[in-house]
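Subject: Structure handover

Hello,

Here is the structure for your work.

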Amino acid sequence: MPTVARVNRAKSHKGRRILESKEPKVHEDPKICVLSHGTHATASTTTFLKNICSLRGNDLTVKQTKKNTFIPFDDYSPFERLSLKHDAQFMLFGTRSKKRGHTFVVSRLFSNELLDMYELIILNTAPAKNVMATLGSKPIILFSGNSWDGKKEYSRLRSCLLDFFRGHDADNISLQGLQTVLNFVLSEDKIYLRTYNIIMKRSDSKIPFIELESCGPDADFSLGRVKFASEDTWKSAHKQPYQVKQRIPKNIELNPMKSKLGRIHLGKQDLSKIQMRKFKALKRIRESKPKATVKHPSVKRRNDTNELDNPSKKRMKMSI
């Protein structure tokens with residue numbers, strides 16, 4: 001028999017507010033990441049993952065100190081339970097094995113269900129030093145290489161990385177908030193991560209002179225195992241609410257000079273009822289009424305003569 005999903009109902013005002021905060025919204029909150037590691041994860045891998053999370057904001061990261069014994073590609077149900085517990089959409093899991101070496105897993109979830117998961121094998125790492133990223137700053141992300149659009153795995157991985165480093169939504173951008181650059185280079189099935197500080201110097205114009213300084217964390221890794229959700233789940237994750245969709249205005253277009261032109265549709269007009277200035281040339285000509293016909297006196301005389309000529313009518317009048 002199919003199992004029926006349990007419906008959580010709040011028993012207090014606080015529980016009601018918690019459940020309302022987890023409901024779908026038109027504008028979602030910033031996505032939270034849960035950082036965890038396996039039993040054989042090394043300190044270098046854990047430090048590298050902490051530095052990666054600091055670039056997107058420590059306020060959006062939940063760090064776990066407990067070592068986990070599960071293997072994500074064999075059983076990813078613990079990720080779904082952690083997502084439901086912390087209302088998180090990303091999972092970072094560092095581990096080490098004799099066959100694959102130092103690895104970490106990046107997984108993305110939608111509605112507490114796995115959307116996609118990637119295993120990245122670490123080949124080389126460099127620690128972070130003098131990182132200028134502060135709270136509220138957003139990194140500039142660059143993807144170099146033509147192979148990002150070649151395979152489905154790399155294009156989905158690029159989408160996942162962009163979503164991971166998105167952080168808080170910003171209405172306005174300040175030059176002082178752009179402090180770091182993340183450059184992902186894909187060449188010969190290897191991914192190179194390079195991190196730079198943005199240094200602004202005085203120039204002759206209002207736009208400052210920009211210099212890039214390597215600050216770390218840097219890493220070289222290759223793509224290992226990959227797991228995707230079904231196409232229906234992928235389509236439902238990309239569905240936008242109707243409040244966010246931009247409606248294309250009808251009958252409005254732009255001319256070559258970028259002026260907005262509109263088209264108005266009117267019904268059939270009766271030109272005879274248009275109010276205009278009174279000119280003699282436009283004055284309506286009234287139709288003349290037909291004159292009443294007046295009998296000529298000669299007609300009466302003819303009738304009188306006809307009565308005299310008919311002796312039968314005359315006899316009837318005399319008898320009466």
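A disulfide is counted here when two cysteine sulfur atoms lie within 2.5 Å. Please keep in mind that this is a predicted model.

Cysteines

With that cut-off, the count is 0 disulfides. Take Cys160 as a case: the cysteine sulfur closest to its own belongs to Cys33, and the separation is 9.7 Å, so the two are too far apart for a bond. Cys160 is buried, because its relative accessibility is 0% and the limit for buried is under 20%. Cys215 is buried as well, at a relative accessible area of 1%.

Backbone

As background, most peptide bonds are trans, and most residues other than glycine have a negative phi.

- Pro217 sits in the loop that runs between strand E9 (209–214) and strand E10 (218–228).
- The loop between helix H3 (77–86) and strand E3 (90–97) holds Asp87. Its relative accessible area is 30%, so Asp87 counts as partly exposed.
- Ser111 belongs to the loop between strand E4 (101–110) and strand E5 (113–126). Ser111 is exposed, because its relative accessibility of 57% is above the 50% limit.

How many cavities of 30 Å³ or more does a search of the whole structure find? The search returns 1. The largest cavity holds about 120 Å³ of space. Its lining consists of Phe48, Ile52, Leu92, Phe104, Val106, Leu120, Leu161, Phe164, Phe165, Phe184, Leu193 and Phe221. Helix H2 (43–56), E4 and helix H4 (152–164) are the elements that each contribute two or more residues to that lining. What classes of residue make up the lining of the largest cavity? There are 12 nonpolar residues, with no polar and no charged ones.

Regards

Notes: Residues numbered from 1 in each chain as written. Predicted model: local features only at pLDDT ≥ 70, side-chain atom pairs only at ≥ 80, totals over all residues. Heavy atoms only, no water. Buried < 20%, exposed > 50% of the residue type's maximum accessible area, 1.4 Å probe, protein only. Helix = DSSP H or I, 4+ residues; strand = E, 2+ residues; numbered from the N terminus. 1 Å grid on protein atoms, 1.4 Å probe; cavity = no way out; pocket = protein on both sides within 12 Å on 5 of 7 lines; lining within 4 Å. Points joined across faces, edges and corners; volume = space filled by probe spheres on them. Nonpolar A, V, L, I, M, F, W, Y, C, P; charged D, E, K, R; others polar.
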